[in-house]
Amino acid sequence: MNRLDEAVQFFRGERPFHRLFCEMKKKYESLGRIGGTISVSYFSAEETEAIASFFGKEMNRVSLAAFEQQLANTRFGDVSLIELLEHYFGEPLVTKKEQQQEIEREKEAYFARLMNTYRAQRDWLMAVEKQRFVQLAYQQNRQALESAISSVCRALEQLPSAYVRLPVFAQQMANDPHAFDLHTLAGKLLLSALQFYAEKEYDLSSVEEVNELLQSYHLLREDVLNFVTCAGVMAETEKGRHLVFAAACETNTALNVPLREVMPLARAYPSIGNSVFVVENAGVFSTLLDTNVPLISTNGQLNLATMWLLDLLVKEGKTLYYSGDFDPEGLKMAQRLVDRYGSSVRLWHYHRSDYLATKPTVSLSDERLAKLQSVTLRDLQPLKQEMLRLKKAGYQEALVEALRMEVEGG
């Protein structure tokens, strides 16, 4: 038996040294060298006695360098501390830096293999690799990540040319209708990929912009519960006048039209005049319905069905008059409409004086007020600054009589 084996056998036989050896191993892995000290204040009496016997004196802290020097004074003098620790634990000592380097090498090899497998999506994979949710998925379950990436790459190669509902598409691509649900890993990856290849930037924190992104690739997340509320709007398909819209106009009936029914429309236009009044709230819509003018309610959000119908109206050269709540969300909706439709949108009773006329009383949190930073439309700046000053919201219901009287007056 050589000296190294004798040393290992000796210290393994002296169990009180085991905790010290474990701590020395950790210290070396942390520092990457023989250095540093270890406090033995929390060691047992048996352990501290063994250490004191080895050094010939009591020790409060043990230096790794001192231990190696003391080892040199024993019959194991030609054994280094690194050799002793490696053979004691039966494995090479690997520093934290070396461990991290190996982890990074494995990760690089993992993604390099994926990029080589899915070469058509290489650019997207290079970009998405750096995203936090992908890094987290890699750490948690790299096999599940690879499976999700495989499904998405297959989906990217077979994007539909005609509209398909997302669950149906997911069933076709992954044999699971919920595979691309937006809260899943594959769903997040699919959105990331579609955004990467899209011609414009979408706000993926917005449900409606996510729906619009999917729609741009002929994928429909929801086409029944996603609906537009309207009245006084005529519509046509390729076959001619839409009978339901026509009947609703004749009877001044409000319609909740699902996206499924809006998509086949070829044209949309006001039943009378060249203007459509767009309001944010259903209560205001219902009040104005009695005036028998063309109306659309966003019901608090610009969903895909609403934007689809508005697109058709603007395509016909019609003017949209928008009135909404005087809160950050209302201003952002106004800006979004103007950004999308330009001069076809007119702000209707939506100015600083109208805001003050609502006698704002509902306090706005700092979090909600922060949303106003993204409101950059010049015409909205006086209203925005007044809202930042008062820190209160006003609501369009307070102006409903003024709105009604104006549309009644023509």
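Colleague: Ala 148, is that one buried or exposed?

Modeller: In this predicted model, Ala 148 has a relative accessibility of 8%, so Ala 148 counts as buried.

Colleague: Where is Ala 148 found?

Modeller: Ala 148 belongs to helix 9, which covers residues 142-157.

Colleague: And how far apart are Ala 148 and Leu 185 in space?

Modeller: Their C-alpha atoms are 6.7 Å apart, while in sequence Ala 148 and Leu 185 are 37 residues apart.

Colleague: Switching to rings. How many aromatic pairs does the structure hold?

Modeller: There are 26 aromatic pairs. Take Phe 54 and Phe 67: their ring centres are 4.6 Å apart and their planes meet at 20°, so that pair is stacked. This pair links distant parts of the chain, with Phe 54 in helix 3 (residues 45-55) and Phe 67 in helix 4 (residues 64-71), 13 residues apart.

Colleague: Are Phe 54 and Phe 67 buried or exposed?

Modeller: Phe 54 and Phe 67 are both buried.

Colleague: Which residues do ring pairs link into a cluster?

Modeller: The cluster is made of Phe 10, Phe 11, Phe 17, Phe 21, Phe 54, Phe 55, Phe 67, Phe 76, Tyr 88 and Phe 89.

Colleague: Nice. Which residue lies over the face of Tyr 88?

Modeller: That would be Arg 12, at 5.9 Å from the ring centre of Tyr 88. For Phe 89, the charged end of Lys 25 sits over the ring, 5.6 Å from its centre.

Colleague: Speaking of charges, how many salt bridges does the structure hold?

Modeller: It holds 23 salt bridges. One of them joins Arg 3 to Glu 6, with the closest N and O atoms 3.2 Å apart. Both residues lie in helix 1 (residues 3-13), 3 residues apart, about one turn of the helix. Arg 3 is partly exposed at a relative accessible area of 37%, and Glu 6 also counts as partly exposed at 22%.

Colleague: What does Arg 336 form a salt bridge with?

Modeller: With Glu 209, and the closest N and O atoms are 4.0 Å apart. That one links distant parts of the chain: Arg 336 is in helix 17 (residues 328-341) and Glu 209 in helix 12 (residues 207-216), 127 residues apart. Glu 209 is buried, with a relative accessible area of 16%.

Colleague: And Asp 311, which residue is its salt-bridge partner?

Modeller: Arg 340, with the closest N and O atoms at 3.0 Å. Asp 311 is in helix 16 and Arg 340 in helix 17, 29 residues apart, so to speak a link between distant parts of the chain. Asp 311 is partly exposed at 30%, and Arg 340 counts as partly exposed at 33%. Shared partners then join Glu 209, Glu 212, Asp 311, Arg 336 and Arg 340 into one network of salt bridges.

Colleague: On to strands. How many residues of strand 5 are buried?

Modeller: 4 of the 5 residues in strand 5 (residues 227-231) are buried. Strand 5 is joined to strand 8 (residues 255-258) by 4 bridges, running antiparallel, and Phe 227 has Pro 258 as its bridge partner there. Strand 5 also pairs with strand 11 (residues 295-297), again antiparallel, over 3 bridges. In that pairing, Cys 230 is partnered with Ile 296.

Colleague: And the open sheet, what is its strand order?

Modeller: The order is 7-6-9, with 3 strands and antiparallel pairing. Strand 7 (240-241) and strand 9 (267-270) are the edge strands, each pairing on one side only. Strand 6 (residues 233-237) and strand 7 are joined by 2 bridges, and Thr 237 has Gly 240 as its bridge partner.

Note on methods:
Residues are numbered from 1 along each chain as its sequence is written. This is a predicted model: local features need pLDDT of at least 70, side-chain atom pairs count only at pLDDT 80 or more; totals for chains, interfaces and linings use all residues. Side-chain values use heavy atoms; hydrogens and water are left out. Buried means under 20% relative accessible area, exposed over 50%, partly exposed in between (1.4 Å probe, protein chains only). Two strands pair if DSSP finds at least two bridges between them. Rings of Phe, Tyr and Trp (its six-membered ring) pair if their centres lie within 6.5 Å; planes under 30 degrees apart count as stacked, over 60 as edge-to-face and the rest as tilted. A charge sits over a ring if NZ of Lys or CZ of Arg is within 6 Å of the ring centre and within 35 degrees of the ring normal. A salt bridge is a side-chain nitrogen of Lys or Arg within 4 Å of a carboxyl oxygen of Asp or Glu.
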